[in-house]
Structures are given as C-alpha cells and as structure tokens.
Amino acid sequence: MRFDGKCVAILGGNAGIGLAAARMFHAEGAKLALTGRNTATLSAASEEVEALGIRADMGVPAETDAAMVEIEEALGGIDILFVNAGVGGFAPVDQVTEEFWDSVHAVNLRGAFFAVQKALPLMRDGGNIVITGSIGSVSAVPGNVVYASAKAGLRAAARILGKELLPRRIRVNMVSPGPTDTEIFKRDASAEEIAGMREMLAGVVPIGRMGTPEEVARAVLFLASEEASFINGVDLYVDGGCVELL
Ligand SMILES: NC(=O)c1ccc[n+]([C@@H]2O[C@H](COP(=O)([O-])OP(=O)(O)OC[C@H]3O[C@@H](n4cnc5c(N)ncnc54)[C@H](OP(=O)(O)O)[C@@H]3O)[C@@H](O)[C@H]2O)c1
C-alpha cells in the first residue's frame with residue numbers, strides 16, 4: 001500500500017500502460033483520476049479502479065485545463081501526476097506531411113508539456129511527476145522521425161521541469177518503454193500484420209520478446225513511490241535491453 005490515500009492523476013489512463021498503472025495504483029490504495037478520449041474505455045476503466053473519469057483530449061490544452069478543475073473539485077489536489085497519453089505513427093522523411101507532424105507533436109510534446117504546466121497549481125509540494133517517453137528518442141529507427149523528435153523534445157522539457165520544480169521538492173522522472181504489447185502498434189493493422197510485427201520485434205529486442213504494459217507500469221509505480229525518493233531527472237528505459245544491449 002505504497003500509495004494509500006495519495007491522489008494520482010493519470011493522463012491517458014484508459015488503455016495500455018496507463019490502465020495497467022491505474023490498476024496497480026488502485027491496488028495500492030491510491031485515489032485516482034483518469035483522462036482519455038474514448039468514452040467507452042474511459043468509463044469501463046474508471047469503474048474498475050473506482051476513479052474519476054474525465055474525457056479530455058491532451059492535444060487541446062483547454063481540455064486539460066477543464067480536467068484539472070474537475071480533479072481539484074473531486075480530489076482536492078494531486079500528489080502524483082502520470083503524463084502518459086501518446087499517439088504513434090510512422091512515415092519516412094519524404095512522406096512526412098505538416099499535418100502528420102502537427103498531430104503527433106500536439107499530443108506527445110505540446111500537449112504533454114501543457115498538461116504538466118496546468119497540473120502544477122494542483123500539485124502538492126513533495127509530490128512527483130512521471131512522464132512516458134520512448135526509447136525512440138535515442139534510437140535511429142527509419143520512419144520514426146516525427147514520433148522520435150516529439151519524445152526527444154519531451155525528454156528535454158522534463159529535465160528543465162525537474163530543475164524548476166526543485167524548490168517545491170517535486171521530482172520529475174521519465175519512463176521510456178521499448179516495444180510494448182499495447183493497442184498503439186496494433187491500430188489500423190490486420191491480424192497478419194500484427195503477428196508479423198510481433199515476430200519482427202521479438203527478433204530485435206535483446207530479451208527476445210515485447211514487453212507487457214504491466215512491466216512498464218511497475219517502473220512507473222517505483223519512480224512515483226518513496227522507494228525512489230533520491231531519484232530525480234532520470235529517463236528509465238524499460239525495454240528488454242534495446243538501448244543499452246544492442
Ligand atoms: N507501446 C509501445 O511500444 C510504446 C513504446 C514507447 C513509448 N510508448 C508510449 O507509451 C504511452 C502509452 O501508450 P500505450 O503503448 O499504452 O498505447 P495505447 O494502448 O494506445 O494507450 C494510449 C493512451 O493514451 C491515451 N491518449 C492518446 N492520445 C490522447 C489524447 N490526445 N488525449 C488524451 N488521451 C490520449 C489513450 O486514450 P484514448 O484511447 O481514449 O485516446 C490511451 O489511454 C504513450 O505515450 C506512448 O507513446 C509506447
């Protein structure tokens with residue numbers, strides 16, 4: 001019960017890694033608020049983990065603002081903020097459109113930054129923030145220029161946030177997953193394509209398989225807990241060795 005009575009807000013908490021973390025925070029006594037865009041998965045997730053569920057698009061900072069008002073009314077404040085929402089997508093350099101660039105960066109970089117900014121007035125001093133990055137930010141994967149540059153920008157922002165929040169004793173850390181078995185890589189893909197991707201990724205990841213959302217979520221809870229009280233500003237790769245062992 002590391003989070004007994006703690007108020008935890010998860011932006012992007014209705015699927016994948018965010019939902020896995022929500023379940024674990026709930027099991028350890030946290031009071032939760034979850035955001036997401038899909039109302040069906042949001043209401044199912046909120047019911048399951050007894051959370052306040054708020055439909056809010058993180059790509060629209062005004063919606064994040066409105067979500068924070070609801071969170072303040074319901075929970076009174078935030079001890080732990082998990083900024084997890086993110087969208088994917090691949091395109092080689094010559095096929096990147098301005099629209100595609102803006103749609104990914106609006107959520108993964110701009111939206112994530114403004115989510116932290118807008119949550120800060122609610123955050124209790126001594127609390128902490130965990131942000132989901134990606135090993136994409138340090139890996140030269142062809143076709144990943146848009147997503148990778150957004151996550152690399154987020155890494156830079158997280159360092160500065162961490163420094164600026166030192167006077168409030170708010171730690172800021174990142175968790176950067178490697179290939180993890182969630183919907184993000186399955187959307188718009190056929191069963192055959194998904195099976196092919198899994199096989200390809202199993203060959204690429206040093207540990208020989210994709211990660212599970214729970215394996216990433218465990219690292220999130222560790223960084224958010226008092227066990228990590230002396231850890232600040234890190235980007236923890238949860239990637240089966242992709243970054244350090246390839
Ligand atoms: N899976 C991987 O291999 C991998 C690798 C590296 C990094 N990551 C990062 O891990 C994080 C979680 O992804 P996942 O793998 O768990 O994928 P996922 O299953 O697709 O979950 C994504 C979550 O983000 C939410 N979300 C997306 N866009 C949003 C928006 N504009 N506003 C509010 N919520 C939004 C989704 O809610 P809705 O469904 O309601 O939109 C969902 O809760 C992302 O930041 C992703 O970039 C994933």
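With 13 C-beta neighbours inside 10 Å, arginine 169 counts as partly exposed, because the scheme calls a residue buried at 20 or more other C-beta atoms within 10 Å of its own, exposed at 12 or fewer, and partly exposed in between, with C-beta atoms placed from the backbone. Arginine 169 sits in the loop between H5 and E6, and its phi is near 55 degrees, a positive value in a residue other than glycine. Helices (H or I, at least four residues) and strands (E, at least two) are DSSP runs, numbered from the N terminus.

A word on ground rules: this is a predicted model, where local features need pLDDT of at least 70, side-chain atom pairs count only at pLDDT 80 or more, and totals for chains, interfaces and linings use all residues. Residues are numbered from 1 along each chain as its sequence is written.

Glutamate 50 also has a positive phi, of about 55 degrees, and is not a glycine either. Its place is the loop between H2 and E3. Glutamate 50 is exposed, because 10 other C-beta atoms lie within 10 Å.

## The sheet

Seven strands make an open sheet with parallel pairing, in the order E3-E2-E1-E4-E5-E6-E7. At the edges are E3 (52-55) and E7 (235-238), each pairing on one side only. From one strand to the next, the twist averages 15 degrees. Two strands count as paired if DSSP finds at least two bridges between them. As background, strands of a sheet pair through backbone hydrogen bonds, either parallel or antiparallel.

Now for some individual pairs. Strand E4 (residues 78-83) is joined to strand E5 (residues 123-132) by five bridges, running parallel, and isoleucine 78 stands opposite methionine 123 in E5. Five bridges also join E5 to E6, again parallel, with asparagine 128 opposite arginine 171 in E6. Between E6 and E7 there are four bridges in the parallel sense; here valine 175 has leucine 236 in E7 as its bridge partner.

## Strand E6 under cover

Helix H7 (residues 213-224) lies across E4, E5, E6 (171-177) and E7, and runs at about 170 degrees to E6. For such angles, axes are lines fitted to C-alpha atoms, for helices over the stretch in contact, and the angles run from 0 to 180 degrees between N-to-C directions.

Helix H1 covers residues 16-27. At 1.5 Å a residue, its 12 residues should span 16 Å, and the end C-alpha atoms are 17 Å apart, which agrees; the expected span is 1.5 Å times one less than the number of residues. The buried residues of H1 are Gly16, Ile17, Gly18, Leu19, Ala20, Ala21, Ala22 and Phe25. Just after H1, glycine 29 takes a positive phi of about 90 degrees.

Helix H5 (residues 145-164) passes the span check too: its 20 residues should span 28 Å, and the end C-alpha atoms are 29 Å apart. Buried in H5 are Val146, Tyr147, Ala148, Ala150, Lys151, Leu154, Ala158 and Gly162. The buried residues of H5 pack against helix H4 (98-119), E5 and E6, where contact means C-beta atoms, placed from the backbone, within 7 Å.

## Glutamate 63

Glutamate 63 belongs to helix H3 (residues 61-75). It is partly exposed, because 18 other C-beta atoms lie within 10 Å. Leaving out residues up to four places away in sequence, glutamate 63 touches Ala56 and Asp57. Alanine 45 is 18 residues from glutamate 63 in sequence and 20 Å away in space, C-alpha to C-alpha.

Conventions. Contact = placed C-beta atoms within 7 Å.
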